[in-house]
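Work through the exercises below with the sequence and the model at hand. Try each task before reading its solution.

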Amino acid sequence: MSTLAPLPSRPTRRPLAPQTVQEQQSRLVSLALLLILTGPGALMLAGLLAAFVQADRTQRRARWCALLGLAGLAVIAFRWRHLEATLTSLTRTTQPLLGYLQPSLITPPSPAALPALFHQSWPDVMHLWLTMLLLAPLLALYLQNTRVKTAEDRERERLARDTARDQRALQRAQHQCATAPDAAGGSLVLGVPLGGDLAWSHGAWFTYPAANLGRHLVLIGASNTGKTETSKRLAYGAARTYGWRVFYLDCKGDEATAAEFTRAMHTAGIAHVAHFPTTTYDGWRGDSTAILNRLLAVLDYTEPYYRDMTKLLLSLAVDAPPGPPRSSEELLARLRLEHLLTLYRGHPEAQELTGLRKEDAQAAANRYRSFFRALRGGLDGRWAFEDVAAGYLLLKGLELRDQTASLGRYLLEDFAHYVAVRKPPDERVLLIIDEFPAIAVGGANAATLFEMVRFRGAGVIVTAQSYAGMGSDADRILGAAGGVILHQCADPERLLPRAGLQVSFQRRISVAERGMGRGVKEYALGEGSLAVQDSLKIHPDMVKRLQPGECVVIAGGAAQHIRVSRVRPPRRSPRPPRPAAPPVTPPLITDGIALDDATRQRCRTVAARRMPPRSSPAVPDPTPDAAFTPTPDPAPPPPRAGGPTPPPEAAAPAPGLAAPPSLPRPADPGGSDIAEY
Ligand SMILES: Nc1ncnc2c1ncn2[C@@H]1O[C@H](COP(=O)(O)OP(=O)(O)O)[C@@H](O)[C@H]1O
Ligand SMILES: [Mg+2]
């Protein structure tokens, strides 16, 4: 015996709404009349055209149909005399038939006379029906618009209308983006608003306020969806409108991104953009604690024992007399126990050194050796964050790929030290970390770091391909973020609640079924209800369907859908730029950056204060390395409209831009503790 429960009986069908029945009846009557008046040919052609028009959601076919119908109407009007004669003749020959309707007035013809009557009127009927073929397109529109629609048909039509409206708005925004100004209402313009409740728009432009850019911002989107373009626009605005210094830490980029960023900064009025690794970086500024923090960020340890050993060795190495190491060679030399013992001879720390096992020290030193060897002096250069108004740091291209993350963390630590100690408190700076997951090892550390720099006037933008890609501490990083920008991505669900909920009205329509088997159709009964409910302001599907350059900006429980405007090179000045004045003094740094006088002077002062005489082994002056693919310095900045190109030496920042770093800055405040600047 079957254990399956019997199938439930089909529900009895609900009756059709009186309106629907009436609509159907009147349509049948009108179709019958049309059949007589226009003939089966015109009606069939109209039916085919109606199906053709209905298959098109853009209404373009409907417009063509209307145009054809009007043309047919014009032809009929042109030949009206012929049609009038036909109609007069037809009325005359068929007049006896009216006797069936009004026998008291007209004698109806006998049935035997009907064939002759039909024969007589047939040529006129044929002429009329052939003429009516010209009106088939208009008939098609009539048929299509008077079709009794199912509830689903109506809903689909509504959706199609909404989609078409959104498409038109998007196209308009795309064109509008090309004319976006740099700023509106004192804030940088990011693009064109397309809808939402985040009220950062000024007129027709969506802006990103400085206060929000100063908090960290997370930018998420799949590959090729526009993250880098959006970051560049924000970088451009930060430099041009807010006068901030801007640094771009590119964890996965390429030389093309480097060139584009440099061009954007030139457009913003910054003449010289430092480029790492083409120009080697000075990663040895600060006191021994700062250097120790940087070095500890380089390696990951699974065993606390090895971490402690390495930390002890490193702290002894950086604290050794005569002062902190100022180059990788100097550090690596100090990581040899015998050398360290020589440096500490006569000091109490010499006792601590005896507690270190030789093989542990060797293992730790080897790891740092391979890191610095892969860099080939890349961190022994002369520029650092405080020396330039903008810089691009490309982490890719190292000989040892797995050192990329270590280098990224080293530079991030140095940035934190720069913000906390080397930067004047009133100076603002923006750091963009493109493809952050490539260097993220501990999200919690990153979140703490971002928060720390925020309070000292630095904004950080991190980009990632997905929420999951941010790692296990994504929530902590996102939790402290002042804003989130979502480009098209596959997993926006976890992020959209940040935009908040909205009250939505859900329409419920009563429907009735009619038909048999698979032919059952539903008809709106004309009755319905509205349900009020809370729903996400931004539907996940909307984010999954965003086009490149479109994004959703979320901040403070509100969101805005926008089209991002790309950074455009400035229009060429009609006047040729004046020839650059010859430099008064040769640049201090010759490997890729030319510094202005004030910066050069400051560098000398800072260097004199900061650097104690280098202890052995002597480090040769850094030169651009073979380990990196050198990038030729980008073309000189295009002249601003109406203005000459400033000579490289005398290049002054544009009004409102970060002035050259002021003189002099404390390099070694001393006394700070690890991870606490
Ligand atoms: N705002 C925008 N306007 C027009 N096109 C864009 C915009 N942003 C991105 N794109 C297009 O998308 C491509 C990929 O953009 P990109 O910023 O490099 O993506 P991602 O960094 O997410 O991989 C660009 O080369 C460009 O063609
Ligand atoms: Mg990118």
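The model is predicted: local features need pLDDT of at least 70, side-chain atom pairs count only at pLDDT 80 or more, and totals for chains, interfaces and linings use all residues. Residues are numbered from 1 along each chain as its sequence is written, while chains are lettered from A and ligands numbered from 1 in the order in which they are written.

**Exercise 1. The chain**

Task: State how many helices and strands the chain has, and what percentage of its residues is buried.

Solution. Step one: the secondary structure comes to 20 helices and 15 strands. Helices (H or I, at least four residues) and strands (E, at least two) are DSSP runs, numbered from the N terminus. Step two: of the 677 residues in the chain, 37% are buried. A residue is buried if 20 or more other C-beta atoms lie within 10 Å of its own, exposed if 12 or fewer, and partly exposed in between, with C-beta atoms placed from the backbone. Step three: among contacts with a separation of 6 or more, 79% are between residues 24 or more positions apart. Two residues are in contact if their C-beta atoms, placed from the backbone, lie within 7 Å.

**Exercise 2. The shell around ligand 1**

Task: List the residues that surround ligand 1 and find the helix that gives the most to this shell.

Solution. Step one: the shell holds Gly221, Ser223, Asn224, Thr225, Gly226, Lys227, Thr228, Glu229, Pro548, Gly549, Val564 and Arg566; a residue counts if its C-beta atom, placed from the backbone, lies within 6 Å of the ligand. Step two: helix α8 (residues 227–240) gives the most, with three residues. Step three: by class, the shell has two nonpolar, seven polar and three charged residues. Ala, Val, Leu, Ile, Met, Phe, Trp, Tyr, Cys and Pro count as nonpolar, Asp, Glu, Lys and Arg as charged, and the others, Gly among them, as polar.

Step four takes up one shell residue. Asn224 lies in the loop between β5 (217–220) and α8, and has a positive phi of about 65 degrees although it is not a glycine. Asn224 counts as exposed because it has 10 C-beta neighbours inside 10 Å.

**Exercise 3. α8 against α9**

Task: Describe how α8 packs with helix α9 (residues 255–267).

Solution. Step one: two packed helices are described by the angle between their axes and the distance between the axes. Step two: for α8 and α9 the angle is about 30 degrees and the axes are 9 Å apart. Axes are lines fitted to C-alpha atoms, for helices over the stretch in contact, and angles run from 0 to 180 degrees between N-to-C directions. Step three: α8 and α9 are therefore roughly parallel. Angles under 35 degrees count as roughly parallel, over 145 as roughly antiparallel, 65 to 115 as roughly perpendicular and the rest as oblique. Step four: the contact is made by Thr228, Lys232, Ala235, Tyr236 and Ala239 of α8 with Thr257, Glu260, Phe261, Ala264, Met265 and Thr267 of α9. These divide into six nonpolar, three polar and two charged residues.

**Exercise 4. Two further pairs**

Task: Classify the pair of helix α3 (residues 80–94) and helix α4 (residues 114–132), then the pair of helix α2 (residues 60–78) and helix α5 (residues 136–145).

Solution. Step one: the axes of α3 and α4 come within 9 Å and cross at roughly 150 degrees, so the two helices are roughly antiparallel. Step two: the axes of α2 and α5 come within 7 Å and cross at roughly 135 degrees, so this pair is oblique. Step three: the α2 side of the contact has Ala62, Cys65, Ala66, Leu68, Gly69 and Gly72, and the α5 side has Pro137, Leu138, Ala140 and Leu141. By class there are eight nonpolar, two polar and no charged residues.

**Exercise 5. Around β7**

Task: Is His275 buried or exposed, and which residue is joined to Phe276 by a cis peptide bond?

Solution. Step one: His275 is found in strand β7 (residues 274–276). Step two: His275 is buried because 28 other C-beta atoms lie within 10 Å. Step three: the cis bond joins Phe276 to Pro277, with omega about 15 degrees. Pro277 sits in the loop between β7 and α10 (288–298).
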